[in-house]
Amino acid sequence: MIECFLPARFEAPAALAATIMLGMALLARWIANQPFFYGRAGFLLTIVAVVWWLATLTLEVASDTLDCKVFWSSAAWIAIAVIPTSWMFFILDYAFSRRSAYGPGRVLFLVVPPVLATLVTATNPVHLLFYGPGTHLVETAIGPAAYMDHGPLFHLAAIYLYIPLVVSVGVVLYAAFRTVSAFRSHFLLLFFITIGPVIANIAYIVFDVTVMQLDPTPFLFALVLVLLTWLIFSSRMFDITSVARAVLFDKMPNPVLILDENEVVVGANPAALALPGAASGRIGAPVAKWPLIAAALRDARDSDRPGRRGELQIGGRFYQLQQMAMDRPLQTTGQAGQVLLLVEVTEARRHTRRLEDTLQENERRLAENMALRERLEQLVNRDPLTGLYNRRAVPGYFDAFRDGPGGDEGGGCVTVTLAVIDLDHFKAFNDRHGHAEGDRLLRSFGQILARAVDSTCPIFRVGGEEFLVMFPDFAPTVARAALEKAQVKLSAEHPGGGPDGQGAVTFSAGIATWPEDGEEFEAVFAAADGRLYAGKAQGRNRIVPAAGV
């Protein structure tokens with residue numbers, strides 16, 4: 001039989017069985033290092049037996065001769081005889097939450113069946129009562145396979161092994177119908193998990209159902225064990241959340257009432273029963289017998305809001321009523337009832353009141369700070385005589401127009417036009433008419449500029465009689481037209497302010513643009529200032545445009 005340990009072929013079926021076997025071996029090692037759970041010994045033994053079964057199945061599929069296939073099929077019975085019993089012990093310990101020791105009785109049940117199975121299969125060539133004389137090789141699409149002629153001892157062994165499986169199913173069904181409702185669905189899930197490999201084995205023995213010409217039973221057991229491992233260690237087998245809900249219902253300090261569709265109180269936690277005045281109501285009575293809660297319920301219903309909430313005061317404490325509807329299963333209309341949760345908000349109301357007082361005080365202080373900030377901004381960035389922006393505010397506005405409000409590249413204007421303006425002969429005007437009249441002229445000129453340009457264009461007084469206007473995203477021609485309009489208006493409003501008291505007050509201006517005249521403010525300002533002085537040199541009362549305009 002040495003040749004049976006040397007696989008003749010290792011194709012898809014053998015690879016599948018070997019892969020699952022290795023996965024189950026790793027799973028067993030992982031579980032061995034995890035915290036205790038009820039039935040762990042039986043669960044681990046079942047996994048080890050499945051690993052053995054899959055190992056013999058791998059070698060059976062990888063063999064070419066009938067003798068080797070029968071040898072490995074017989075060797076599998078060491079595990080096959082253990083699995084139903086170890087699974088039964090797992091179910092008993094897990095379902096009844098017992099830490100059962102593996103004493104002589106359990107060891108006997110685990111050892112005797114595989115020993116007897118080994119003796120029977122080892123002597124099969126003599127009696128042919130386990131695998132009959134009809135056992136032979138058949139050619140399949142995936143290679144040679146052994147057709148097993150199951151004899152009477154095979155069927156007797158199968159019947160015996162179904163006994164612990166039937167016991168397992170019976171225990172699970174018993175638990176499902178005897179346990180509290182919170183656990184019933186979990187035992188039913190365990191029932192369907194347990195019955196899966198049984199159905200697969202019956203299908204194999206009776207109807208010759210296979211997976212790639214292989215017995216599907218070990219594969220189903222492997223799947224079941226992996227699924228159960230996930231369910232156990234994620235607390236989904238016996239869902240602790242259901243238990244937690246029951247604990248919360250009894251232990252939570254907030255009163256909870258459960259109403260049926262007719263608004264009859266069918267459940268109340270101890271906190272609800274301890275409410276002042278709760279003695280007038282009782283479980284099984286209409287909610288109207290709980291007058292304060294009934295009144296809050298009416299108020300919440302009249303408010304007609306989603307997740308309706310009302311407030312009520314009981315014994316000097318304030319509660320917020322929260323309603324949660326319970327829908328009918330398998331129906332889209334109507335409700336099976338509702339849950340009323342009374343959340344105590346006494347302290348929250350006090351904190352809210354204190355918070356509102358604090359917010360009002362903060363709002364008052366904020367308003368004062370905003371007013372102070374505006375005043376400081378006026379003092380720092382505004383010219384006190386004209387109310388226009390002063391020279392200090394110029395760079396910030398220019399950078400904002402050029403680069404965007406946040407300084408983001410590409411977020412600013414396409415072009416920025418600057419106009420530098422200077423009143424002609426202002427010193428002579430001051431000397432002739434006095435400083436008070438000069439100040440009035442400066443204020444008037446600031447107002448004339450404001451009416452002549454667009455509201456988005458900031459105006460600055462940058463010197464004694466020198467002004468600057470920025471035109472964001474306006475062409476130089478627009479700036480020139482606005483200044484010409486201002487020239488006309490200034491002459492009309494101040495006709496006798498010229499030199500020596502003759503003629504009207506006039507101004508000269510120079511226009512430059514970013515980026516044509518420079519990237520930085522200083523360069524653009526210098527270009528506009530140069531054109532201003534060129535206008536002065538040409539006889540004043542001139543607007544010298546940007547280059548090319």
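A search of the whole structure finds 22 aromatic pairs, where rings of Phe, Tyr and Trp (its six-membered ring) pair if their centres lie within 6.5 Å, and where planes under 30 degrees apart count as stacked, over 60 as edge-to-face and the rest as tilted. Before I go through some of them, please keep in mind that this is a predicted model, in which local features need pLDDT of at least 70 and side-chain atom pairs count only at pLDDT 80 or more, while totals for chains, interfaces and linings use all residues. Residues are numbered from 1 along each chain as its sequence is written, and side-chain values use heavy atoms, with hydrogens and water left out.

One of the pairs is Phe 130 with Phe 154, whose ring centres are 5.5 Å apart and whose planes stand at 75°, so the pair is edge-to-face. Phe 130 lies in the loop between helix 7 (124–127) and strand 1 (136–140), and Phe 154 lies in helix 8 (residues 152–178), so this pair ties together parts that are 24 residues apart in sequence; helices (H or I, at least four residues) and strands (E, at least two) are DSSP runs numbered from the N terminus. Phe 130 is buried, with a relative accessible area of 1%, and Phe 154 is buried as well, at 6%, where buried means under 20% relative accessible area, exposed over 50% and partly exposed in between, with a 1.4 Å probe and protein chains only.

The pair of Phe 426 and Phe 429, by contrast, is stacked, with 6.5 Å centre to centre and 15° between the planes. Being three residues apart in helix 16, Phe 426 and Phe 429 are separated by about one helical turn.

That brings me to helix 16 itself, residues 426–433, whose buried residues are Phe 426, Phe 429 and Asn 430. They cover an arc of only 100° around the axis, which puts them on the same side of helix 16, the arc being that of the directions from the helix axis to the C-beta atoms. The face turned away from this buried side carries the exposed residues Lys 427 and Asp 431. What covers the buried residues includes strand 9 (416–423) and helix 17 (435–452), with contact meaning heavy atoms within 4.5 Å. Just after helix 16, Gly 434 takes a positive phi of about 95°.

Strand 9 and strand 12 (residues 507–514) run antiparallel and are joined by eight bridges, and the bridge partner of Val 416 in strand 12 is Trp 514.

In the model, residues 152–175 are 100% helix and 0% strand, with the end C-alpha atoms 35 Å apart.

Note on methods: Two strands pair if DSSP finds at least two bridges between them.
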